[in-house]
Amino acid sequence: SQNWVIMVTAQTPTNIAVIKYWGKRDETLILPINDSISVTLDPSHLCTTTTVAVSPTFQQDRMWLNGKEIALSGGRFQSCLREIRKRACDVEDKKKGIKITKEDWGKLHLHIASYNNFPTAAGLASSAAGFACLAYALGKLMNVKEDESQLSVIARQGSGSACRSLFGGFVKWIMGKEEDGSDSLAVQLADEKHWDDLVIIIAVVSSRQKETSSTSGMRESVETSLLLHHRAKEIVPKRILQMEEAIKNRDFASFSRLTCTDSNQFHAVCLDTCPPIFYMNDTSHRIISIIEKWHRSEESPQVAYTFDAGPNAVLIARNRQTAALLIQRLLYYFPPTLGDLDSYIIGDKSIAKD
Ligand code: PMV
């Protein structure tokens, strides 16, 4: 019969860069101008759940995001779908009497439903979890044999940072040299168990959508910021090595210094862009001051901060005790009654798949 449906559901957490990616050398393939390193969050807090389905009764590819149908015409979805279809293999379900050959995948249509359990496009890297989950779920559905790093090449073409969400723990996105992007991929530096004392707390300063998308922000920085090019060439390569070392040795002092400095440099690049881009706001700046003051009052730092393309603070505490102190301080400086923060999201870091 032609009435069957096959479905796969996958769940993927978002990731937060501790050495930032900012700037593309190729906008279509999404190839970066520097390596980056991130930590993947716990899937219970910030993740995307995606169900992909195939059936001969489907008339066209369709996609729903948080229950609302969205146009699949965007180049990025098409790139991901095309790349996955290229790698599809035979699928057979003998019990149901279904056989899909490699060639069939080119003709069959897909339905995709995706949910974020956190605000979309508020600088919480929603596209990172989204495209990683899409590549992973489609890979399973179509019996793609490639490993996570190879899938990361596909997720990257949806959203750069997405390539890092295919692994848990600490992940490096290697910028690569090839023009076709085949070596611009993610590798795992350390799994989620390696440094499981760390606790990540996100202070949601605003859950509103950001004003400048990362795509146009990056383009403007690449075109106008000299600091960006200095950073990519002279600073990030050394920082990547130092960060790898800090992660390997679980050296929190070094990890915190590198993370905070790199976040501040990324936002300095945004200011150096013409016209300047402001992702952080007064509340973000106050959070930085509070943590910096705390750093100076202790022998070594207890918390690291980092901000992506939005005002929300991602705070990484050395351990549970420090996380408890951090929450106490946040509640003291930003009492819920004043409404400076929209909410807190608390989690540790790790990954779950399937
Ligand atoms: O992948 P995009 O287009 O969402 O860009 C992400 C850019 C930053 O979050 C600011 C940095 C990063 O490395 O994730």
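The legends below accompany close-up views of a predicted model.

**Figure 1. A tilted ring pair joins Phe170 and Trp195.** Twelve aromatic pairs are counted in the model. In the pair shown here, the ring centres of Phe170 and Trp195 are 6.0 Å apart and the planes meet at 35 degrees, so the pair is classed as tilted. Phe170 belongs to strand S12 (residues 170–174), whereas Trp195 lies in the loop between strand S13 (185–190) and strand S14 (199–204); the pair thus links distant parts of the chain, 25 residues apart. Phe170 is buried, with a relative accessible area of 0%. Trp195 is likewise counted as buried, at 4% relative accessibility.

**Figure 2. Trp195 also pairs with Phe255, in an edge-to-face arrangement.** The two ring centres are separated by 5.2 Å, and the angle between the planes is 65 degrees. An angle over 60 degrees is the criterion for edge-to-face, so this pair falls in that class. Trp195 is in the loop between S13 and S14 and Phe255 is in helix H7 (residues 252–272), so the contact ties together parts that are 60 residues apart in sequence. Phe255 is buried, its relative accessible area being 0%. Through ring pairs, Phe170, Trp195, Phe252 and Phe255 are linked into a cluster.

**Figure 3. Arg329 is placed over the face of Trp294.** The distance to the ring centre is 4.0 Å.

**Figure 4. Five strands make up an open sheet of mixed pairing.** The strand order is S1-S6-S11-S7-S8. At the edges stand strand S1 (6–13) and strand S8 (68–70); each has a single partner strand, so one side of each is left without a neighbour in the sheet. Direction ignored, neighbouring strands of this sheet are turned against each other by 20 degrees on average. Within the sheet, strand S6 (residues 47–55) and strand S11 (residues 109–116) are joined by eight bridges in the antiparallel sense. Thr48 is located opposite Asn116 in S11.

**Figure 5. Helix H1 (residues 75–86) packs on the five-stranded sheet.** The helix touches strand S7 (62–65), S8 and S11, and its direction makes about 125 degrees with that of S11. H1 comprises twelve residues and spans 16 Å from its first C-alpha to its last, close to the 16 Å expected at 1.5 Å a residue. Buried residues of H1 are Phe77, Ser79, Cys80, Leu81, Glu83, Ile84 and Arg85. An α-helix has 3.6 residues a turn, so residues three or four places apart point the same way.

**Figure 6. Four strands form an open antiparallel sheet.** The order of strands is S2-S5-S12-S13. Strand S2 (15–19) and S13 are the edge strands, and each pairs on one side only. From one strand to the next, the twist averages 35 degrees. S2 pairs with strand S5 (residues 36–40) through four bridges, in the antiparallel sense. Ile16 is found opposite Val39 in S5.

Definitions and conventions: Residues are numbered from 1 along each chain as its sequence is written. This is a predicted model: local features need pLDDT of at least 70, side-chain atom pairs count only at pLDDT 80 or more; totals for chains, interfaces and linings use all residues. Side-chain values use heavy atoms; hydrogens and water are left out. Rings of Phe, Tyr and Trp (its six-membered ring) pair if their centres lie within 6.5 Å; planes under 30 degrees apart count as stacked, over 60 as edge-to-face and the rest as tilted. Helices (H or I, at least four residues) and strands (E, at least two) are DSSP runs, numbered from the N terminus. Buried means under 20% relative accessible area, exposed over 50%, partly exposed in between (1.4 Å probe, protein chains only). A charge sits over a ring if NZ of Lys or CZ of Arg is within 6 Å of the ring centre and within 35 degrees of the ring normal. Two strands pair if DSSP finds at least two bridges between them. Axes are lines fitted to C-alpha atoms, for helices over the stretch in contact, and angles run from 0 to 180 degrees between N-to-C directions. Contact means heavy atoms within 4.5 Å. The expected span of a helix is 1.5 Å times one less than its number of residues.
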